[in-house]
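Here is a short briefing for someone meeting this structure for the first time. Please look through the sequence and the model before reading on.

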Amino acid sequence: MSTPLFSFDNSYALMEGMSMPWQPAAVPAPRWLHLNRNLAGELGLDADALASDEGLAVFAGNRVPEGATPVAQAYAGHQFGGFSPQLGDGRALLLGEVLDARGQRRDIAFKGSGRTPFSRGGDGKAAVGPVLREVLISEAMHALGIPTTRSLAAVATGETVRRERPLPGAILTRVAASHIRVGSFQFFAARNDTDRVRQLAEHAIARHDPALVGREDRFLAFYEAVVQRQAKLVAQWMSVGFIHGVMNTDNMTVSGETIDYGPCAFMEAYDPQTVFSSIDTHGRYAFGNQPGIAQWNLARLAETLLPLFHSDDEQAVAAATRVLDGFGERFSAHWLNLHRLKLGLRSDGADDEADRTLVNELLQRMHEHRVDFTLGFRRLSSVLRGAPQEWLTLWGDAHAAAGEWLAHWQRRLTAQGEPAAEVAARMDATNPLFIPRNHLVENALDAASESGDLRVFEHLLAIVTDPFTERSEHAPAALPGTPEQTQGYRTFCGT
Ligand code: AMP
Ligand code: MG
């Protein structure tokens with residue numbers, strides 16, 4: 001008998017009433033799209049064994065691996081502000097959990113593995129394009145040092161899925177610290193099932209904040225930990241120009257990992273009002289709204305946990321409000337630190353307000369002159385290397401506005417008294433050169449989806465998973481799209 005592909009150690013599926021046992025649907029003709037060998041290693045899995053025909057059958061949902069207890073998880077959620085008491089895994093399945101090479105518990109889950117009891121009108125399927133998009137963007141986020149669910153495998157199913165037009169079907173295998181969302185708590189709170197809210201909270205604490213286990217104030221401390229993780233996460237998104245696109249409460253984890261890569265995209269020309277999602281007509285999830293929305297979602301989480309905070313309603317609300325009010329300050333502190341790093345500024349002994357103004361003055365000018373967010377920061381190091389033209393060309397004919405800010409920045413750096421080369425090297429390790437540019441992502445997905453050609457995808461994946469290292473052969477991939485490529489760019493949920 002061959003050794004099992006995974007050593008499952010399942011805990012979520014054992015909790016009664018939180019999920020429903022279910023099986024992935026069989027698919028006709030599985031074909032590899034991608035296997036993430038590095039991640040397999042990180043998970044303590046044998047990548048060669050996963051790359052076998054047996055692995056392909058597993059990732060296609062055609063063979064449930066030994067030790068798996070596949071379940072569809074129940075959750076609710078506020079979608080664009082409106083509450084749906086019952087969403088749940090309509091096209092996903094939690095296969096099981098493994099302990100990774102560092103002993104951390106990680107979920108192994110499918111996306112696109114067929115209908116479940118939570119599917120409502122949907123077909124439970126996913127298409128090649130959106131699946132590869134999640135691989136590209138999630139792995140790029142990981143390479144940027146941003147907490148995220150990961151992509152272990154993607155396979156084409158040989159099926160056709162019906163969207164606006166027929167598309168080739170696919171299944172993604174997603175890895176997450178857990179799939180527990182704000183919406184998971186909302187599901188039970190909406191049913192006044194405080195016992196299950198408590199049980200889920202205990203489970204989440206054991207998983208994500210084990211230091212709190214057994215503490216009397218653990219529920220409030222857990223809530224505070226979630227608020228802190230989200231404040232940091234959203235600050236990290238903002239520091240690379242990432243727009244999640246669909247920050248519904250069912251798409252916000254308590255682990256602090258970015259989850260659910262649907263209509264997400266990276267901003268090119270800096271504009272805080274940027275929205276790419278085709279369904280976000282009011283700009284609820286625009287780039288600049290993300291911190292406010294995160295806080296709004298966290299208020300919804302607090303509402304579910306109130307009975308655990310205190311037996312007295314008023315005291316529970318007061319405690320939750322204290323914690324939630326801390327979000328803004330935490331977010332701002334992370335934001336400032338991250339942007340200081342982007343500008344090569346040290347924080348020791350520095351004036352927070354002066355530095356905040358310096359960053360905001362750059363952003364304001366970038367907005368006004370539609371400067372590419374990524375290159376607007378990345379190429380600043382060229383100024384320190386004596387080649388200011390590389391940065392100045394980003395400003396069109398607005399050299400005066402750019403130069404004025406540059407003088408402020410250089411004065412601040414001089415006061416810091418570090419060799420320019422050192423600062424430049426540090427900045428290049430912080431400001432990515434390569435992000436998944438929208439036009440490149442579209443090209444890669446089109447080639448894979450229309451003609452089954454994976455080379456463009458693989459090439460782009462290699463570029464964006466090494467985002468800080470300059471490689472002259474990839475120079476064009478660092479550039480923003482042309483106006484024809486970027487104007488009116490729209491993303492879709494991929495459902
Ligand atoms: P999402 O927009 O991916 O966060 O999904 C929101 C809800 O819709 C979740 O409950 C999903 O499981 C469900 N859903 C999305 N797409 C499908 C689909 N093709 N079939 C069934 N359920 C879906
Ligand atoms: Mg979702």
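Predicted model: local features only at pLDDT ≥ 70, side-chain atom pairs only at ≥ 80, totals over all residues.

The protein has 495 residues, and its radius of gyration of 23 Å agrees with that of a compact globule. It holds 18 helices and 12 strands. A magnesium ion (ligand 2) has Asn 251 and Asp 260 as its protein donors.

**Overall shape and packing**

- A compact globule with 495 residues would have a radius of gyration near 23 Å, and the protein has 23 Å, so the two agree.
- The C-alpha trace spans about 65 × 60 × 45 Å along the principal axes of the protein.
- Buried residues make up 57% of the 495 in the protein.
- Consider the contacts in the protein with a separation of 6 or more: 72% of them are accounted for by residues 24 or more positions apart.

**Surface and charge**

- The protein carries 46 positive and 59 negative side chains.
- The centres of these two sets lie 2 Å apart.

**The magnesium site**

- Asn 251 contributes OD1 to the magnesium ion (ligand 2), and Asp 260 contributes OD.
- These donors lie 1.8 to 2.2 Å from the ion.
- Asn 251 has 9% relative accessibility, so it counts as buried, because buried means under 20%.
- Asp 260 is buried too, since its relative accessible area is 15%.

**Arg 105**

- Arg 105 is part of strand S7, which covers residues 105–111.
- Its relative accessibility is 23%, so Arg 105 counts as partly exposed.
- Leaving aside residues up to four places away in sequence, Arg 105 touches Asp 9, Asn 10, Ser 11, Glu 97, Val 98, Leu 99, Ala 176, Ala 177 and Arg 207.
- Arg 207 is 102 residues from Arg 105 along the chain, yet their C-alpha atoms are separated by 7.4 Å.

**Asp 46**

- Asp 46 sits in a loop, with helix H1 (37–42) on one side and helix H2 (47–50) on the other.
- With 46% relative accessibility, Asp 46 counts as partly exposed.
- Phe 6 is 40 residues from Asp 46 along the chain, and the C-alpha atoms of the pair are separated by 8.6 Å.

Definitions and conventions. Residues numbered from 1 in each chain as written. Chains lettered and ligands numbered in written order. Heavy atoms only, no water. Helix = DSSP H or I, 4+ residues; strand = E, 2+ residues; numbered from the N terminus. Rg over C-alpha atoms; globule rule 2.2 N^0.38 Å. Buried < 20%, exposed > 50% of the residue type's maximum accessible area, 1.4 Å probe, protein only. Contact = heavy atoms within 4.5 Å. Lys, Arg positive; Asp, Glu negative; His and termini not counted. Charge placed at Lys NZ, Arg CZ, Asp CG, Glu CD. Donors = N, O, S within 2.8 Å, 3.2 Å for Na, K, Ca; no water.
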